[in-house]
Structure formats: structure tokens, C-alpha cells
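I opened this model to look up its sheet, then its helices, then its rings. My notes follow in that order.

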Amino acid sequence: MVVAAIVVATLGLVWSQLPKGSYPTDLARIGQGQAVLVLAMDGNYQAGAAVMHLMHGLRREYADAVHFVAAPLARPEGQAFARRHQAADGTVLLFDGSGQRVAVLHAPQTEDELRQALRQAFGH
């Protein structure tokens with residue numbers, strides 16, 4: 001009984017630490033008329049997961065103005081994107097509606113840092 005309780009508690013803790021909400025991985029959204037925030041993410045490292053956690057509140061706040069997209073670095077299209085933009089796990093890139101890169105943040109540490117970059121880039 002004690003072992004079962006420990007297993008359940010451990011699984012609950014692990015589950016609570018997983019990133020919440022899914023992010024599309026369609027990089028073709030860049031340059032399609034709406035601003036795009038792209039998070040380069042490698043599942044083997046922690047920086048991307050930490051930044052994704054910071055993005056959750058902002059995603060709701062900017063839902064009407066900005067697409068939030070993940071570039072999984074384990075997939076060929078994510079690797080090509082990372083090479084093209086010199087991005088690593090946790091790098092956030094902001095693109096305007098025409099596809100022009102307007103900002104790059106390397107592993108931002110706070111939600112306010114991300115919010116400020118969005119305001120400067122897109123005036124929202």
C-alpha cells in the first residue's frame with residue numbers, strides 16, 4: 001500500500017511538471033500576415049521547457065495578435081529552422097506578419113522579459 005502511494009505521488013509530481021497546453025509546430029505560419037513567436041525546443045534540455053512555461057500566460061494575453069509556435073529541434077524542419085536562425089533550446093524568435101525576424105531572446109528568464117519583447121516588437 002505504501003509503495004502504491006509513493007508511485008502515485010511520484011507520477012503526480014512528474015505530471016505537474018510537464019508543459020501545459022500544446023503548441024503547433026507549423027513553421028509555415030511565419031510570413032502569413034500575423035505575428036509569430038517561435039520557441040526552439042529540444043526535449044533533451046530544460047531551457048525550452050522553462051520558457052514554454054513562461055509563455056502560457058502570454059499566450060492567452062496575445063492570442064488575437066500573435067501565433068505561438070514551437071520548433072522541435074528533434075525534427076528535421078526544426079533543425080533547419082535552428083540552423084537558419086542560429087537558435088538553440090530555449091531561444092525565442094519573433095517574426096512580424098511579413099515574416100521578418102524582429103527580435104531574438106536567448107532563454108528568457110521571466111514572463112516580463114517575454115512581455116517586454118512582445119510589446120517592443122508588436123506594440124501590444
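I took two strands as paired if DSSP finds at least two bridges between them. Helices (H or I, at least four residues) and strands (E, at least two) are DSSP runs, numbered from the N terminus.

I noted first that this is a predicted model, in which local features need pLDDT of at least 70, side-chain atom pairs count only at pLDDT 80 or more, and totals for chains, interfaces and linings use all residues. Residues are numbered from 1 along each chain as its sequence is written, and side-chain values use heavy atoms, with hydrogens and water left out.

Entry: the sheet. I found an open sheet of four strands with mixed pairing, in the order E2-E1-E3-E4. At its edges I listed strand E2 (66-72) and strand E4 (101-106), each of which pairs on one side only. From one strand to the next, the twist averages 20 degrees. For angles, I used axes that are lines fitted to C-alpha atoms, for helices over the stretch in contact; angles run from 0 to 180 degrees between N-to-C directions.

Entry: the strand pairs. Strand E1 (residues 35-41) pairs with strand E3 (residues 91-95) over four bridges, in the antiparallel sense. In this pair I saw Leu39 opposite Val92 of E3. E3 and E4 are also antiparallel, over five bridges, and there Phe95 stands opposite Arg101 of E4. Their hairpin has five residues between the strands, and in it Gly99 takes a positive phi near 95 degrees.

Entry: the helices. I asked which helices H2 meets and through which residues. In H2, Val51, Leu54, Met55, Gly57, Leu58 and Glu61 meet Glu111, Leu114, Arg115 and Leu118 in H4; contact means heavy atoms within 4.5 Å. By class, I counted six nonpolar, one polar and three charged residues here. Ala, Val, Leu, Ile, Met, Phe, Trp, Tyr, Cys and Pro count as nonpolar, Asp, Glu, Lys and Arg as charged, and the others, Gly among them, as polar. The axes of H2 and H4 are 9 Å apart, at an angle of about 50 degrees. H2 and H4 are therefore oblique to each other (under 35 degrees is roughly parallel, over 145 roughly antiparallel, 65 to 115 roughly perpendicular, and the rest oblique).

Entry: the rings. I found one aromatic pair. The ring centres of Phe81 and Phe95 are 6.1 Å apart and the planes stand at 55 degrees, so the pair is tilted (centres must lie within 6.5 Å; planes under 30 degrees apart count as stacked, over 60 as edge-to-face, the rest as tilted). Phe81 lies in helix H3 (residues 76-85) and Phe95 in strand E3, 14 residues apart.

Notes
Rings of Phe, Tyr and Trp (its six-membered ring) pair if their centres lie within 6.5 Å; planes under 30 degrees apart count as stacked, over 60 as edge-to-face and the rest as tilted.
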